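Q: I would like to learn how to read the features of a protein model. Can we go through some together?

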Amino acid sequence: MNLYDKLMEQIDTMPIIDTHEHLPHTMEAVLPGEKDVLNRWLRHYLSADMVSAGMTEQQLAFARDASAPLMARWRVVEPFWQACRYTGYGQAVYLTARDLYGVQDITADTLPLLQQLHQAIYQRDFMYELMHDKLHIEKAILDGFTGTPMDKDSRLFVRVWNLHAMLCGGPGADPLTAPAEKQANLATLDGWMGAVEATLEALAPHIAALKCSVAYTRSLSFEKVPYEQAKAAYARDYERRKSHPDGELPREVQDFMLHHILGLNLRYGLPVQVHTGLLEGFGNRLDHSNPMHLNDLLLEHPGVHFDIFHIGWPFIGEATALVKMHHNATLDFCWAHMISPSSAVRALMEALDSVPVNKIMAFGGDYVPIDLVYGHVTLAKRNLARALAAQIEMGAMSVEQALDCAHRMLYDNPKRVFKL
């Protein structure tokens, strides 16, 4: 048995703490139209590569339409699948089809069977069977797009709370999620701060972390704005927001509120997961998500733990250097293994060379489709085995030490950081 296979054999049996998922909180939460295989597989990631390859948004909408004939939709999808099947996203889908469903390729001939097999998973407790029993995921941190922190399969999930509404306002933020009797007068910054504080107090016992994903709409650079300046900006903007409630709060208020929330969080000790690097979807401002923007926050809030998501891809060196320099940061490989599998291998090697091993989180699925978590876990284990095999061959560690590192990165580190 070669070194890679020897490592894979052991890694395949290790428990995993999955640092990030967007899965439905239960199998029953999946809507009927979303049980269609093309609808589900094109809801996340692979569709971005297909649009990059030239698929129009109209073609994508048709491909996802479960009411349209399956094979007519496949004729639209097939040329883009052939262009994207070799990307990390494509590999995750192919591995799921081949190894989980036993279908050797995704073609016009096999798609009806894949549809049948995919729809059958919603007739049983598939999510628990897959994640817990097959993939050895002990717990996953769930960033659900719907529901409350109490909406989850507690056998599998703990929840994270996204800070976007607290920082930026916008849809769903008025009122916030604090109990109604604790809602303050949101006409003033003090009222907004009070509502946010009550919300955090109510949420903290039920969540494992906070999440900051604002890089999708603004830079991760947060100035230290004085209270009086933020108060005046909030007051000036209040009349506009009464007639445009979907509008976001002024930048000065957003900056002030993040620093305020991080200060409040010292009471709760919740890690803060921060989206850095690549932005999912069809185009955005990549410079907004450079992890270097976090440097001041790491210095300003030494008592807050920052979990730097997605290894900052493509800003891998910057993210790794921040984690090396700061005691209050970890490097999280969630999503990274299928953004670019080869980059993830190199990043693992670089991290092991430069960062204490207790600061590396090896896996977060970051997926909406349940079954495709299989493909991502498979890629992650392969990447981990390749990186560790290279470290052994360079004389940096023994096989036993490499397996110890794998266990730490997959399980021990996230279990400690998220207090699981």
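Q: Which residues of helix 10 meet which residues of helix 11?
A: This is a predicted model, so keep that in mind as we read. In helix 10, look at Leu189, Asp190, Trp192 and Met193. They meet Tyr227, Ala230, Lys231 and Tyr234 in helix 11. The residues of this contact divide into six nonpolar, no polar and two charged.

Q: How do the axes of helix 10 and helix 11 cross?
A: Two packed helices are described by the angle between their axes and the distance between the axes. Here the axes of helix 10 (residues 189–203) and helix 11 (residues 227–243) come within 9 Å. They cross at roughly 100 degrees. Angles of 65 to 115 degrees count as roughly perpendicular. Helix 10 and helix 11 are therefore roughly perpendicular to each other.

Q: How many aromatic pairs does the structure hold?
A: The structure holds six. Take tryptophan 41 and tyrosine 101, which form a tilted pair. Their ring centres are 6.5 Å apart, with 35 degrees between the planes.

Q: Which parts does the pair of tryptophan 41 and tyrosine 101 tie together?
A: Tryptophan 41 lies in helix 2 (residues 37–41). Tyrosine 101 lies in the loop between helix 6 (88–100) and helix 7 (111–120). So the pair ties together parts that are 60 residues apart in sequence.

Q: Is tryptophan 41 buried or exposed?
A: Buried means under 20% relative accessible area. Tryptophan 41 has 4% relative accessibility, so it counts as buried. Tyrosine 101, at 12%, counts as buried too.

Q: Which residues form an aromatic cluster?
A: Tyr45, Tyr89, Trp335 and Tyr367 form one.

Q: Where does the charged end of arginine 155 sit?
A: It sits over the ring of tyrosine 128, 4.1 Å from the ring centre. Now look at arginine 218: its charged end sits over the ring of phenylalanine 222, 3.8 Å from the centre.

Q: Which residues does a cis peptide bond join?
A: Most residues other than glycine have a negative phi, and most peptide bonds are trans. Here a cis bond joins tryptophan 313 and proline 314, with omega about 10 degrees. Proline 314 lies in the loop between strand 6 (306–308) and helix 14 (316–325).

Q: What is the phi of histidine 136?
A: Its phi is positive, about 65 degrees, although histidine 136 is not a glycine. Histidine 136 lies in the loop between helix 8 (126–134) and strand 2 (137–142). At 30% relative accessibility, histidine 136 counts as partly exposed. Aspartate 366 also has a positive phi, near 60 degrees. Aspartate 366 is buried, with a relative accessible area of 3%.

Conventions
Residues are numbered from 1 along each chain as its sequence is written. This is a predicted model: local features need pLDDT of at least 70, side-chain atom pairs count only at pLDDT 80 or more; totals for chains, interfaces and linings use all residues. Side-chain values use heavy atoms; hydrogens and water are left out. Rings of Phe, Tyr and Trp (its six-membered ring) pair if their centres lie within 6.5 Å; planes under 30 degrees apart count as stacked, over 60 as edge-to-face and the rest as tilted. Helices (H or I, at least four residues) and strands (E, at least two) are DSSP runs, numbered from the N terminus. Buried means under 20% relative accessible area, exposed over 50%, partly exposed in between (1.4 Å probe, protein chains only). A charge sits over a ring if NZ of Lys or CZ of Arg is within 6 Å of the ring centre and within 35 degrees of the ring normal. Axes are lines fitted to C-alpha atoms, for helices over the stretch in contact, and angles run from 0 to 180 degrees between N-to-C directions. Angles under 35 degrees count as roughly parallel, over 145 as roughly antiparallel, 65 to 115 as roughly perpendicular and the rest as oblique. Contact means heavy atoms within 4.5 Å. Ala, Val, Leu, Ile, Met, Phe, Trp, Tyr, Cys and Pro count as nonpolar, Asp, Glu, Lys and Arg as charged, and the others, Gly among them, as polar.
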